[in-house]
Amino acid sequence: MDMSQYKALFLSESREYLRTIAEQVVALEQSPADRSAIDALFRGAHSLKGMAASMEYGDVVVVAHSMEDLMARVRDGALPFGAGVADLLLEGVDLIDALLQDVEEERPSSLPTDGYAARLASYVPAPEKKAKKPDEAPKAAPTAAEPAQASEPAPAAEAERAKESTTELGGTVRVKTELLDHLINLTGELVTNKQRLLSIGRELASPALNDAVSETSKLLRALHDEVMKVRLMPFEAISDRFQRSVRAVAKKSGKEINFELTGREIGLDRGVLEQLVDPLNHILRNAVDHGIEDGEERERAGKPARGLVKLSVSRDRDRIHITVRDDGRGMEPQSMIEAAVRKGLITPEEGELLSPRQALMLSCIPGFSTAKEVTDISGRGVGMDAVNAAIAKLGGTLGIESEPGQGTSITLKLPLTIAIIHALLVQCGQIKTAIPVNAVQRTVELSRRQIETVGRRQMFQLDDESIPLLSLNRVLGLPLGRFPDGILPLFVTEAKGRRVGMVVDRLLGQHELFVKRLGRPLDGMAGVAGGATLGDGEIVTILDISELL
Amino acid sequence: MAIKVMIVDDSLFMRKMLRDILTEEGYEICAEASDGDEAVARYRESLPDLVTMDIVMPNKGGIEALQEIMAYDAAARVVMCSAIGQEALTTAATEAGAKAFILKPFNPELVTRVLREVVQG
Amino acid sequence: MTAERLLVFSVGRELFALNLTEVCEVMEPQQSYPFAGAPPYYLGLINFHGNLTALLDFAQYLGAGSRPLPGKLLVIDTKLAHLALKVDAVGSIIDAQSITGATRSEEPLIEALLETPQGNLRLVRLETLLSSLEDDLRAAAPKSAPGGN
């Protein structure tokens with residue numbers, strides 16, 4: 001936000017507040033118990049602080065904040081309003097006035113404010129009988145000046161320092177998370193830089209440099225992990241919504257449901273959590289709406305009338321597993337295949353090649369089901385294509401297991417953090433691009449002889465499975481590669497529930513990338529999950545393969 | 001139709017900033033008030049969809065105004081706004097029916113996100 | 001909303017203007033990195049203070065044909081978009097008060113035709129530009145190629 005447009009208004013209104021403060025101070029010296037004058041003084045300092053914080057004038061914030069705290073002590077009866085307090089407040093008024101003058105003339109402030117803040121924080125009226133020790137004084141003020149969440153016992157002076165530094169940054173817990181984002185950004189830039197050092201090290205062939213870089217690399221990994229840990233939030237930050245939505249859907253569909261939640265204490269990255277709400281809501285709604293049978297049907301099947309939907313979160317090293325399990329009617333792989341063939345999404349021949357697991361994944365293909373035609377079979381797929389895409393964007397995977405008659409479980413496996421990913425870098429024509437390694441099953445260098453032509457398709461054999469070949473160049477609208485030595489580099493990925501070999505011009509190896517958003521307008525581009533800068537400054541896009549195919 | 005918002009803050013500067021943020025986001029600013037008394041009166045006149053309420057204000061503070069507005073309209077959607085130092089009042093505000101709490105200084109993205117969440121219930 | 005100050009620039013033989021608050025920097029051309037899957041008027045991505053920023057050949061976008069000039073890059077305010085426009089030349093900043101007349105334009109992209117002492121300016125509606133770029137990207141979404149390699 002461009003704040004310069006508010007500067008004039010800020011200056012004029014701040015000066016008004018300063019005038020009010022000065023007037024009230026003088027009035028209070030006449031009648032020190034005047035409640036409304038005390039309140040007005042407190043308000044004046046408080047408003048000034050808020051406005052200055054918005055303009056990011058840290059010095060003014062520090063001074064106004066100390067005045068506010070001092071007045072809070074007066075207001076709360078911890079400190080009598082005396083000549084000493086009046087002097088300090090008027091000194092503050094003069095100080096802010098001078099700072100505003102600097103702001104107006106756009107020159108850096110030369111006035112130190114720390115000394116003033118410290119004096120106010122530790123101020124005790126000299127002649128008072130019940131004088132407190134100076135270092136206890138600020139604690140005596142029940143103003144809860146530190147953010148409640150962050151408050152922990154600390155020596156007063158230290159607390160005061162902490163308060164000042166956070167104040168200069170905006171001073172709130174929410175702003176602190178911005179600071180964290182910034183830290184993560186910096187960590188990401190460091191990772192990018194490390195890559196650069198790595199490639200210089202390779203060019204120079206210096207063992208000493210390589211050792212240093214590899215040590216730096218370890219330290220960076222540790223730094224990244226620590227920074228990321230601070231961003232973790234317990235799953236319960238979003239779980240209450242699920243409870244509500246399950247209850248609502250159950251009520252609407254006239255079903256009785258027990259909803260169980262385990263692992264609410266498991267921490268996930270703030271950004272991941274935010275992106276999980278919609279996909280999980282979809283999965284849960286599908287489970288209740290289409291998975292769980294109605295009471296009569298359940299009783300006929302010998303099940304308790306009340307359906308069970310379980311949401312469990314667990315952590316497996318650096319990945320989070322989230323499972324939604326229901327004890328409903330389950331999904332029949334064969335019916336899924338038939339439905340997909342009927343809709344023309346796959347050919348009957350393709351259908352025969354699918355394993356039961358792959359057949360269940362058909363529900364994630366766009367077009368498999370729409371909200372309009374909800375049947376027992378395809379109903380489970382409502383919105384699943386969007387869910388799958390959202391999970392893939394987070395660098396996660398989605399798996400479906402189902403036992404007809406017994407129920408279905410959908411498991412999301414997500415990385416603990418998202419900002420730094422491992423990606424396979426490939427060359428297609430003039431363009432370098434990256435594919436997150438979680439989307440890459442393996443890389444293969446295929447000899448032309450190994451390619452079989454089946455109808456219009458080119459296939460190759462991998463682990464006794466016939467896998468179709470696609471050209472990533474073609475998918476991206478680039479000229480096709482030529483492969484004069486007869487070797488086709490490719491990576492194997494999964495699309496529409498089955499494996500595909502994506503041919504590229506060259507495989508450039510795995511890299512650690514710091515993912516950045518592309519912003520408007522490229523954010524709207526299908527098949528692109530973000531971008532990253534390589535060690536040499538080159539920029540690549542990060543592809544979302546499942547969205548591309 | 002645009003969502004109608006009433007902005008309550010004793011500082012003109014803050015009101016203007018918030019007005020600009022919200023207008024940019026497509027909200028319609030249907031009323032502004034600079035203290036609690038005015039807020040209650042304006043609320044009755046303009047029945048906004050959403051209220052942003054400063055806490056520390058002259059005459060009548062934000063918490064009191066919130067209570068009066070909630071008594072008048074139990075469905076009122078009021079979001080409290082305050083600079084650091086008033087977090088202790090969060091609980092009181094939530095108990096009185098506030099839908100959310102925004103800390104000043106205003107971060108446009110945060111403000112719009114919180115308001116969107118409140119609007120969407 | 002009338003802009004207080006406008007940045008004048010030229011593309012092809014026409015003069016354009018953007019609201020000054022929508023532009024955060026005017027830069028010399030710098031290295032851009034091509035990317036796939038987008039319409040040809042994207043020259044590539046540039047690194048603008050750590051923001052990955054799409055570089056748009058504005059002349060090509062307008063169908064005006066690129067001119068053999070090194071040109072300048074107008075970087076749009078990073079809070080609004082990650083977008084830079086390559087234009088032929090950047091002129092002066094003019095004050096809204098020096099506008100002597102304004103007529104509405106038929107083109108959605110152009111907010112108004114402004115008469116100024118510098119000449120007639122076409123005031124670009126940034127939001128329209130951004131949303132039509134987004135629409136074009138959606139329309140250009142790559143389709144899976146049928147058949148094999």
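Select V5(B) first, and look across to I29(B) in β2(B), the residue that V5(B) stands opposite. This is a predicted model, in which local features need pLDDT of at least 70 and side-chain atom pairs count only at pLDDT 80 or more, while totals for chains, interfaces and linings use all residues. Residues are numbered from 1 along each chain as its sequence is written, and chains are lettered from A and ligands numbered from 1 in the order in which they are written.

Now select residues 4-8 of chain B, which form strand β1 and pair with β2(B) in the parallel sense over five bridges; two strands pair if DSSP finds at least two bridges between them. Strands (E, at least two residues) and helices (H or I, at least four) are DSSP runs, numbered from the N terminus.

Widen the view to the whole sheet, which is open and has five strands of chain B in the order β2-β1-β3-β4-β5, with parallel pairing. At its edges lie β2 (28-33) and β5 (100-104) of chain B, each of which pairs on one side only. From one strand to the next, the twist averages 20°.

Next, select residues 36-46 of chain B, helix α2, which packs on the sheet and touches β1, β2 and β3 (50-54) of chain B, its direction making about 145° with that of β2(B). Two residues are in contact if their C-beta atoms, placed from the backbone, lie within 7 Å. Axes are lines fitted to C-alpha atoms, for helices over the stretch in contact, and angles run from 0 to 180 degrees between N-to-C directions. Then select residues 108-119 of chain B, helix α5, which lies across β3, β4 (78-83) and β5 of chain B and runs at about 170° to β5(B).

Move to chain A and select helices α1 (residues 7-30) and α4 (residues 83-104), which pack at an angle of about 165° with their axes 10 Å apart. The helices α1(A) and α4(A) are therefore roughly antiparallel to each other, a term that applies to angles over 145 degrees. Among the residues that meet here are L11(A) and L18(A) in α1(A), and L89(A) and V93(A) in α4(A).

Finally, show chains A and C together, where the contact takes 38 residues from chain A and 28 residues from chain C. On the side of chain C that touches chain A, the elements giving two or more residues are β4 (42-48), β5 (51-57) and α2 (126-139) of chain C, and the largest share, five residues, comes from α2(C).

Technical notes:
Angles under 35 degrees count as roughly parallel, over 145 as roughly antiparallel, 65 to 115 as roughly perpendicular and the rest as oblique.
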